[in-house]
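Please look over the sequence and the model below, then read on.

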Amino acid sequence: MNENHAKLCPSPDWATFLHAEVMPAVAGERDLGDELIEVGPGPGASTDWLRHRVRRLVAVELERSAADALTDRFAGTNVEVINQDATALSFPASSFDSAASFTMLHHVPTARLQNQLLAELLRVLRPGGVLIGSDSLASDALHRFHDGDTYNPVEPASLLTRLQTLGYERITITVDYGMRFVAHKPDSSVTELADRRRAEPVGRQQRCLRAGG
Ligand SMILES: C[S@@+](CC[C@H](N)C(=O)[O-])C[C@H]1O[C@@H](n2cnc3c(N)ncnc32)[C@H](O)[C@@H]1O
């Protein structure tokens, strides 16, 4: 992260903004289950709000120094910090009830890698699990803020189709001063059917499709 982020992201003003405006709007009364994975926690403003909503929070941070600082900050709490690239998660499928990505997608340098990260979150979510998040919208001021840093903002309409294409369902995207999103992994009856279909010989799949089954 550049100097601008180093000043803003750990500041009380940023935490107040996230905790008062962004996180209640996206997570509010939503049930986040027992186990949540957060990607791109940075200095931990989003983590510090989320951790009170679940029994266990796993925070996956790419930068070693940020992961080390976060480990110290949340020592002895329900937060476990992993220094890892969230585009290639080491967790088995269906490990978490919920996933969170706050103010981080625009730090992933390409659309392909953003999609890979969203696909990884879908994989590690349990059937019926929920992805929540927020991100900044493209602007000249935001571009200047990212001088010398990765700047790859997500266009909200494209996020909708990208999430759908990856296999998320029940997707809500809200756009005002920023973008907030909620999307679900299909529940087990849908995913089991899709898995069974994939395992079936192609000829049978085609007969089922013709028969509408
Ligand atoms: C702007 S900070 C957001 C911090 C926090 N979520 C918040 O909203 O205040 C974005 C963080 O995402 C991390 N990040 C970027 N790409 C990542 C990746 N592929 N895997 C894990 N973390 C990543 C960066 O290192 C940085 O700490």
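## Strands, helices and the ligand shell

Val 130 stands opposite His 184 in strand E7. The model in which this pair is found is a predicted one. Strand E7 covers residues 179–184 and is joined to strand E5 by six bridges, the two running antiparallel. E5 itself spans residues 125–135 and is mostly covered, with eight of its 11 residues buried.

E5 also pairs with strand E4 (residues 96–102), here in the parallel sense and over six bridges. Within E5, Leu 125 is the residue that stands opposite Phe 96. E4 is in turn joined to strand E1 (residues 35–39) by four bridges, and these two strands run parallel. Here Glu 38 stands opposite Ala 100 in E4. Strands of a sheet pair through backbone hydrogen bonds, either parallel or antiparallel.

The pairings described above are set out in the table.

| Strand pair | Bridges | Sense |
|---|---|---|
| E4 and E5 | six bridges | parallel |
| E5 and E7 | six bridges | antiparallel |
| E1 and E4 | four bridges | parallel |

What is the order of the strands in the open sheet? The seven strands follow the order E3-E2-E1-E4-E5-E7-E6, with mixed pairing. Strand E3 (79–83) and strand E6 (169–175) are the edge strands, each pairing on one side only. From one strand to the next, the twist averages 15 degrees.

Helix H5 packs on this sheet and touches E1, E4 and E5, its direction making about 145 degrees with that of E5. H5 is made of residues 111–124, and together with E4 and E5 it makes a right-handed β-α-β unit. Another helix, H7 (residues 156–166), lies across E6 and E7 and runs at about 170 degrees to E6.

The ligand comes next. It is surrounded by 23 residues, the closest being Gly 40, Gly 42, Leu 62, Ala 86 and Thr 103. Helix H3 (45–50) and strand E2 (56–61) each supply at least two residues of this shell. By class, the shell holds 13 nonpolar, seven polar and three charged residues.

Some totals describe the protein chain as a whole. Its secondary structure comes to nine helices and seven strands. Of its 213 residues, 31% are buried. Among the contacts with a separation of 6 or more, 63% are between residues 24 or more positions apart.

Definitions and conventions:
Residues numbered from 1 in each chain as written. Predicted model: local features only at pLDDT ≥ 70, side-chain atom pairs only at ≥ 80, totals over all residues. Near = placed C-beta within 6 Å. Nonpolar A, V, L, I, M, F, W, Y, C, P; charged D, E, K, R; others polar. Buried ≥ 20, exposed ≤ 12 C-beta atoms within 10 Å, placed from the backbone. Pairing = 2+ DSSP bridges. Right-handed = clockwise from strand over helix to strand, strands pointing away. Contact = placed C-beta atoms within 7 Å. Axes fitted to C-alpha atoms, helices over the stretch in contact; angles between N-to-C directions.
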